[in-house]
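Work through the exercises below with the sequence and the model open. Each task is followed by a solution in steps.

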Amino acid sequence: MILYKTEEEIDLIRASAQVLAQAHGEVAGMIREGITTRELDRRAEEFIRDHGAQPSFKGYNGFPFSLCISPNEVVVHGFPGDYVLKSGDVISVDCGVKLNGYHSDSAYTYPVGEVKPEVTALLEATKASLYAGIEQAVAGNRMGDLAFAIQDYVEKRGYSVVRELVGHGIGKSLHERPEVPNYGKRGSGLKLQSGLVLAIEPMVNLGTKGVFQEKDGWTIRTKDRQPSAHFEHTVVIRQNKAEILTSFAYIEKALQQQPQPYGQTVVD
């Protein structure tokens with residue numbers, strides 16, 4: 001069953017998303033060469049709990065961390081640990097927050113130090129494809145319109161959309177119906193209605209679309225070991241323009257304050 005949200009419920013998700021956006025900003029300010037992914041996870045959990053919320057991911061189906069941290073060829077669901085960030089890495093940080101019974105979810109992929117131009121271009125295209133999808137997330141459109149917009153944007157630039165992983169509805173549960181694919185046909189699929197809250201999250205590979213799952217049951221990597229990028233917003237369907245409930249503003253502010261140049265090439 002698809003659960004459409006009341007305005008009161010949307011307000012609660014928006015409040016959750018505000019804590020999430022700030023938590024992302026805290027993590028963004030720490031991303032640099034020499035830091036471990038475990039340190040990022042610890043800071044995110046500390047910040048979320050200090051603001052009266054809970055990390056949505058920790059304990060979800062047994063996932064042991066507050067963040068999914070996915071470097072380089074890891075697409076999603078990477079475990080934080082002893083991995084030390086180095087120049088040339090790209091790192092996807094995915095986080096969820098539960099506040100007052102409602103979840104929000106967002107992700108951002110960062111370049112670390114000096115990265116190859118083709119990787120910078122991948123990040124820019126993936127982020128832009130997220131907004132291309134959001135532009136189609138309005139009442140009266142179909143899910144296929146949203147999905148096609150993402151796929152069309154990245155494939156025209158030579159990148160590949162991951163097929164096995166999708167976005168999702170969100171609210172009282174972290175993952176609700178419907179699924180939100182990043183590829184599809186215009187005019188197909190569910191008709192979008194006001195009050196539907198979705199986590200839209202393009203996962204795009206520099207190389208081929210193939211992925212595989214590690215033996216840990218979580219970590220997803222590209223088959224060709226080429227880098228992948230992941231950006232995500234929680235949005236609510238409206239009549240004329242989707243409302244983005246999460247925000248990258250705290251991330252962008254933190255990156256602007258970093259003395260290193262790595263955050264300056266990602267487009268708004």
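**Exercise 1.** Is E73 buried or exposed?

Solution. The model is predicted: local features need pLDDT of at least 70, side-chain atom pairs count only at pLDDT 80 or more, and totals for chains, interfaces and linings use all residues. Residues are numbered from 1 along each chain as its sequence is written, and side-chain values use heavy atoms, without hydrogens and water.

Step 1. Buried means under 20% relative accessible area, exposed over 50%, and partly exposed in between, with a 1.4 Å probe and protein chains only.

Step 2. E73 has a relative accessible area of 16%, so E73 is buried.

Step 3. E73 lies in the loop between β2 (67-71) and β3 (74-76). Strands (E, at least two residues) and helices (H or I, at least four) are DSSP runs numbered from the N terminus.

Step 4. Contact means heavy atoms within 4.5 Å. Apart from neighbours within four places in sequence, E73 is in contact with I220, R221, T222, R225, Q226, P227 and S228.

**Exercise 2.** Describe the sheet that contains β3.

Solution. Step 1. Two strands pair if DSSP finds at least two bridges between them. The strand order is β3-β12-β11 in an open sheet of three strands, with antiparallel pairing.

Step 1. Because β3 and β11 (211-213) each have a single partner strand, they stand at the edges, and one side of each is left without a neighbour in the sheet.

Step 2. From one strand to the next, the twist averages 40 degrees. Axes here are lines fitted to C-alpha atoms, for helices over the stretch in contact, and angles run from 0 to 180 degrees between N-to-C directions.

Step 3. Two bridges pair β3 with β12 (residues 220-222) in the antiparallel sense, and V76 stands opposite I220 in β12.

**Exercise 3.** Which strands are joined to β4, and by how many bridges?

Solution. Step 1. Strand β4 covers residues 90-99, and nine of its 10 residues are buried.

Step 1. β1 (residues 54-55) is joined to β4 by two bridges, antiparallel; here P55 has V97 as its bridge partner.

Step 2. β2 is joined to β4 by five bridges, also running antiparallel, with P71 opposite I91.

Step 3. β5 (residues 102-111) is joined to β4 by 10 bridges and runs antiparallel to it, with S92 opposite T109. The hairpin of β4 and β5 has two residues between the strands, and N100 takes a positive phi near 50 degrees there.

**Exercise 4.** Check the length of α4 and find what its buried residues pack against.

Solution. Step 1. The expected span is 1.5 Å times one less than the number of residues. For the 13 residues of α4 (residues 143-155) this gives 18 Å, and the end C-alpha atoms are 18 Å apart, which agrees.

Step 1. The buried residues include M143, L146, I150 and V154.

Step 2. The buried residues of α4 pack against α3 (117-135), β6 (160-161), β8 (176-180), β9 (197-200) and β10 (203-205).
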